[in-house]
Amino acid sequence: MQVLELIIFAGLAAIVLYQLYAVLGRRVGRQPEDGPAAEAAAPLLRPLDRPLEPVDDGVHLTGLAAVKARDPSFDMTTFLSGSKQAYELIVKAFAEGDRPTLRNLLAPKILADFETAIDGREGEGRTETVEFLHPPRADLDKAEVVSGDLAQLTVRFLAEFRSRTKGPEGEGVDDRRTAELWTFERRLKSKDPNWALVHVDAAEA
């Protein structure tokens with residue numbers, strides 16, 4: 001009888017020890033060996049304390065893409081329409097010696113060149129007026145952003161106009177057909193929407 005009781009007590013003790021092992025032997029909470037892995041994962045869960053730095057992917061935009069990137073509102077159709085109006089205004093103002101109009105449309109260096117030519121013509125006692133026979137044709141020849149947000153767009157103009165001149169020798173009428181490359185410049189981030197003429201070159205007709 002005592003032997004049977006010992007066997008029963010031994011069985012109960014084995015069951016209790018097994019349950020204790022099952023509970024105490026489990027991994028509860030963070031274990032010492034988990035340190036490196038937990039530290040590595042932590043930054044992914046923390047809020048960023050500064051904005052991400054822009055990534056330079058090595059792509060550098062040129063031409064109209066560069067202009068549009070710095071000024072998304074830029075519209076090629078609007079620009080060419082405005083350049084034709086500026087072309088007619090400048091040609092007529094130069095012929096008539098209209099300096100105030102030229103000052104609003106020309107960069108300082110080219111304005112100085114135009115005024116020198118006007119002074120020379122007036123010194124000879126000559127006057128001139130211009131009448132366009134047809135609206136000028138304007139086509140974009142080149143576009144680039146040369147420095148920061150400074151854009152330069154070159155337009156090829158084809159135009160036909162009639163020039164009437166008066167001088168000491170009398171009056172003259174001359175019908176002309178011209179082809180020129182005009183370069184306009186503007187700071188794309190400027191609040192001033194106007195482009196200034198900075199250079200004029202002859203072009204093939």
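Q: So which elements each supply at least two residues of the lining of the largest pocket?
A: Those are α4 (76-96) and β4 (170-187). Helices (H or I, at least four residues) and strands (E, at least two) are DSSP runs, numbered from the N terminus. Bear in mind that this is a predicted model, where local features need pLDDT of at least 70, side-chain atom pairs count only at pLDDT 80 or more, and totals for chains, interfaces and linings use all residues. Residues are numbered from 1 along each chain as its sequence is written, and side-chain values use heavy atoms, with hydrogens and water left out.

Q: Which of the elements gives the most to that lining?
A: α4 does, with 7 residues in the lining of the largest pocket.

Q: And by class, what's in the lining of the largest pocket?
A: There are 8 nonpolar, 6 polar and 3 charged residues. Nonpolar is Ala, Val, Leu, Ile, Met, Phe, Trp, Tyr, Cys and Pro, charged is Asp, Glu, Lys and Arg, and the others, Gly among them, are polar.

Q: What about the second largest pocket, where does the largest share of its lining come from?
A: From α4 again, with 5 residues. The lining of this second largest pocket divides into 10 nonpolar, 1 polar and 3 charged residues.

Q: Switching topic, how many helices and strands does the protein chain have?
A: 6 helices and 5 strands. Along the sequence the pattern reads α-α-α-α-α-α-β-β-β-β-β.

Q: And what percentage of the residues is buried?
A: Buried residues (under 20% relative accessible area, 1.4 Å probe, protein chains only) are 28% of the 205 in the protein chain.

Note on methods
Buried means under 20% relative accessible area, exposed over 50%, partly exposed in between (1.4 Å probe, protein chains only).
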